[in-house]
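Welcome, and thanks for taking a look. Here is a short tour for someone meeting this structure for the first time.

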Amino acid sequence: MEKVDIIVDNLLSKEAAKIPRMNQLVIITTISTKGVVNAAVKSEVFHALTKPPVFGFSCNLGHHTCKNILEQHEFVINIPGEDIVGKAMKTAYDYPVGVNELDEAGLQALSSKKVKPPRIAECVAHFECRHEWHDIHGEEILIFGRVMAASLNKDLYEATIEERFRIARPIVVMGEYRYSPVHEVKKLVEKQKAH
Ligand SMILES: Cc1cc2nc3c(=O)[nH]c(=O)nc-3n(C[C@H](O)[C@H](O)[C@H](O)COP(=O)(O)O)c2cc1C
């Protein structure tokens with residue numbers, strides 16, 4: 001197949017979106033110094049280290065999420081299923097400082113076990129994280145957080161992997177404001193022993 005060269009100087013550009021790649025949609029909850037809960041949908045989140053368990057994500061420096069984490073050093077990564085994608089997207093709106101974005105999105109706060117920001121009751125799973133380090137690049141910050149506690153819905157915990165994804169329908173975003181719920185599970189060929 002013939003290849004087309006493209007210029008990628010911005011991973012959110014129309015050109016970059018032509019590459020079939022995807023990121024999981026999550027909602028990050030944080031809390032301000034005044035105790036106001038903030039929620040924001042994010043997709044540039046990744047498994048950064050395995051042991052210790054560390055997640056990384058990129059955030060615009062101007063976002064409330066960033067300000068709250070630099071001040072309070074804690075956040076929760078909440079995993080939504082497709083059933084709440086509409087509510088999740090409401091957390092992408094620009095609300096003024098002091099607004100509880102969970103209330104605005106019609107989502108319920110559930111106390112976390114190890115950190116101050118709450119979990120989101122309607123989400124299927126949660127990683128409670130402590131901010132460990134960060135790197136600033138232009139208008140963005142790369143934030144790394146160590147997992148202090150993790151939890152998920154009991155039905156998912158008890159399900160097989162096939163059932164788990166069928167129930168949870170986690171969301172991946174693909175660019176151009178499109179998403180897909182992941183609900184099909186196929187087995188990879190297992191690694192063969194060397195002769
Ligand atoms: C599908 C989707 C994915 C997003 N992913 C990110 C992201 O990974 N990083 C980021 O900084 N903003 C991301 N945003 C934008 C934020 O959700 C949005 O700017 C939000 O208002 C920031 O909220 P805050 O100021 O309360 O932190 C995304 C928005 C959408 C719609």
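Which residue does N23 stand opposite in β11? N23 stands opposite V173 in that strand. Please keep in mind that this is a predicted model.

**The seven-strand sheet**
- A second open sheet has seven strands, ordered β3-β2-β6-β9-β10-β5-β4, with antiparallel pairing.
- Its edges are β3 and β4 (45–49); each has a single partner strand, so one side of each is left without a neighbour in the sheet.
- From one strand to the next, the twist averages 35°.
- Strands β9 and β10 run antiparallel and are joined by 12 bridges.
- Within that pairing, W133 has F144 in β10 as its bridge partner.

**Helix α1 on the sheet**
- Helix α1 packs on this sheet, where it touches β2, β3, β5, β6, β9 and β10.
- The direction of α1 makes about 50° with that of β2.
- Which residues of α1 are buried? They are H64, T65, C66, N68 and I69.
- The cover over these buried residues includes β2, β3, β5, β6, β9 and β10 (140–152).
- Just after α1 comes H73, with a positive phi of about 65°.

**The nonpolar core**
- The largest nonpolar core contains 34 residues, and those with the most contacts inside it are V26, I27, I28, A39, V76 and I77.
- Each of these elements supplies at least two residues of the core: β2 (26–31), β3 (37–42), β5 (54–60), α1 (64–72), β6 (74–79), α3 (101–105) and β9 (125–137).
- Beyond its neighbours within four places in sequence, V26 is in contact with K42, V45, I77, N78 and I79.

**Around the ligand**
- The ligand is surrounded by 19 residues, of which A40, E44, H63, H64 and T65 are the closest.
- Two or more residues of this shell come from each of β3, β5 and α1.
- The largest share, four residues, is given by β3.
- Sorted by class, the shell has eight nonpolar, seven polar and four charged residues.

- I6 is found in the segment before β1 (23–24).
- Is I6 buried or exposed? I6 counts as exposed because it has 11 C-beta neighbours inside 10 Å.
- Leaving aside its neighbours within four places in sequence, I6 is in contact with E15 and K18.
- I6 and I19 lie 13 residues apart in sequence, with 9.7 Å between them in space, C-alpha to C-alpha.

Note on methods
Residues numbered from 1 in each chain as written. Predicted model: local features only at pLDDT ≥ 70, side-chain atom pairs only at ≥ 80, totals over all residues. Core = buried A, V, L, I, M, F, W, Y, C linked by C-beta atoms within 7 Å. Buried ≥ 20, exposed ≤ 12 C-beta atoms within 10 Å, placed from the backbone. Contact = placed C-beta atoms within 7 Å. Near = placed C-beta within 6 Å. Nonpolar A, V, L, I, M, F, W, Y, C, P; charged D, E, K, R; others polar. Pairing = 2+ DSSP bridges. Axes fitted to C-alpha atoms, helices over the stretch in contact; angles between N-to-C directions.
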